Amino acid sequence: MQKKLQEIHNQAVAEIAAVQTEDELKQVQVRFLGKKGEMTSLLRGMGQLPPEERPLVGGLANQLRDELTNLFTAREEELRSTARRKAMADEQVDVTLPGKPPMIGHLHPLTLIMDEIAEIFLGMGFTIKEGPEIETEYYNFEALNIPREHPAREMQDSFYIRPEVLLRTHTSPVQIRTMEELAPQVPVRIIAPGKVYRRDDDATHSPMFHQVEGLVIDRDISLSDLKGTLLLFARQMFGPKQQVRLRPSFFPFTEPSAEVDIACVICGGQGCRVCKDSGWIEILGSGMVHPRVLELSGYDPEEYTAYAFGMGVERVAMLKYGIGDLRMFFSNDIRMLRQFS
Ligand code: PHE
């Protein structure tokens with residue numbers, strides 16, 4: 001029996017030393033120490049021994065089992081750290097691989113169009129003015145000769161912050177702020193780009209959108225100056241053959257007033273779905289600044305005349321980029337925006 005124990009010991013030690021993986025080690029462990037393993041069957045054979053020998057052999061067997069258990073644990077640790085070292089050695093870094101480029105952002109298509117519009121007017125001698133998006137009724141309506149009963153003043157069209165204070169519904173209040181600041185200096189030649197707000201939301205209207213206001217004041221400014229300037233703008237923006245059309249219209253702060261259409265960029269004026277078969281698309285409102293508006297803000301209408309316009313930036317962008325739904329600009333769909341990088 002003792003000899004048998006010695007044999008098991010020697011064999012186990014040899015096999016433990018020989019295994020190369022944790023899996024193999026587990027198999028050896030089961031064979032020696034498992035329920036159906038060598039040690040178990042040996043201990044079962046103890047019944048055949050004379051009773052006086054049993055304590056001695058039992059003690060030796062326990063000792064062997066403990067020893068083997070320790071050997072298995074030690075070997076397992078050893079195999080594990082070897083595997084770890086090997087994995088580290090295999091994990092090579094190729095320092096010649098190109099780096100991962102960081103994602104670089106870019107300007108929003110509306111910002112690009114605003115910049116382009118501004119660039120064209122800067123080239124014609126205009127300078128840029130800005131005004132607040134939160135306005136008083138005075139600048140947004142009153143000084144622009146928009147009477148109290150005018151539909152544009154109604155609550156359903158404007159966002160009021162509190163009585164007499166609202167989000168500007170157009171960039172025209174910047175006309176007033178500019179005149180108050182500069183009067184009676186001439187010439188005045190400014191554009192005012194920025195956000196405006198109205199209670200509207202569909203495929204062609206967003207509650208927030210952008211306008212570029214224009215204002216020119218001098219002696220002898222006439223409607224033909226307005227038309228020439230806008231024609232030049234349209235040709236720089238949409239191509240040298242672009243046509244513009246002035247349609248009589250009404251704004252309380254201009255007289256006469258005109259809405260300006262450009263020949264449909266999509267169909268070239270032939271008529272299509274986008275221009276509703278008219279061949280023309282409206283991009284701005286304009287007119288000769290009303291004498292009362294000039295006077296109220298410090299310019300003598302007997303001495304000076306002025307024209308003004310307010311351009312819809314989203315409209316221009318839709319035409320330039322062939323985009324059919326204005327909400328595309330504001331839905332932040334990265335697939336759409338990436339096309340402008
Ligand atoms: N403010 C007008 C609008 O938003 C546009 C406009 C500006 C018209 C300047 C005439 C002169 O509709």
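The largest pocket holds about 890 Å³ of space, and the ligand sits in it. This is a predicted model: local features need pLDDT of at least 70, side-chain atom pairs count only at pLDDT 80 or more, and totals for chains, interfaces and linings use all residues. Residues are numbered from 1 along each chain as its sequence is written, and side-chain values use heavy atoms, without hydrogens and water.

**Largest pocket**
- A pocket is an open set of points on a 1 Å grid over the protein atoms alone, where a 1.4 Å probe fits, with protein on both sides within 12 Å along at least five of seven lines.
- Its volume is the space filled by probe spheres set on the points, which are joined across faces, edges and corners.
- The lining (residues with an atom within 4 Å of a point) numbers 39 residues, with Arg-198, Phe-209, Gln-211, Phe-251 and Glu-282 nearest the pocket centre.
- Two or more lining residues come from each of strand 6 (208-218), strand 7 (244-251), strand 8 (254-263), strand 9 (280-289), strand 10 (305-312) and helix 10 (313-321).
- These elements are DSSP runs numbered from the N terminus: helices are H or I with at least four residues, strands E with at least two.
- Strand 9 gives the largest share, six residues.
- By class, the lining has 15 nonpolar, 16 polar and eight charged residues.
- Ala, Val, Leu, Ile, Met, Phe, Trp, Tyr, Cys and Pro count as nonpolar, Asp, Glu, Lys and Arg as charged, and the others, Gly among them, as polar.

**Ligand site**
- The shell has 14 residues, and His-170, Ser-172, Arg-198, Gln-211 and Gly-310 are the closest; a shell residue has a heavy atom within 4 Å of the ligand.
- Strand 6, strand 9 and strand 10 each give two or more shell residues.
- Strand 10 has the largest share, three residues.
- The shell has four nonpolar, eight polar and two charged residues.

**Ligand contacts**
- A ligand nitrogen is 2.9 Å from a side-chain N or O atom of His-170.
- For Ser-172, a side-chain N or O atom is 2.9 Å from a ligand nitrogen.
- A ligand oxygen lies 3.0 Å from a side-chain N or O atom of Gln-211.
- The ligand alone exposes 320 Å², of which the protein buries 90% (Shrake-Rupley method, 1.4 Å probe).

**Second largest pocket**
- About 500 Å³ of space lies here.
- Its lining has 20 residues, and Thr-204, Val-274, Cys-275, Lys-276 and Ile-281 are closest to the centre.
- Strand 7, strand 9 and helix 10 each supply at least two lining residues.
- Eight lining residues are nonpolar, five polar and seven charged.

Notes: A polar contact is a pair of N or O atoms within 3.5 Å; within protein, one must be able to donate a hydrogen and the other to accept it, and residues adjacent in sequence count only if both atoms are side-chain atoms. A molecule sits in a cavity or pocket if more than half of its atoms lie within 2 Å of its grid points.
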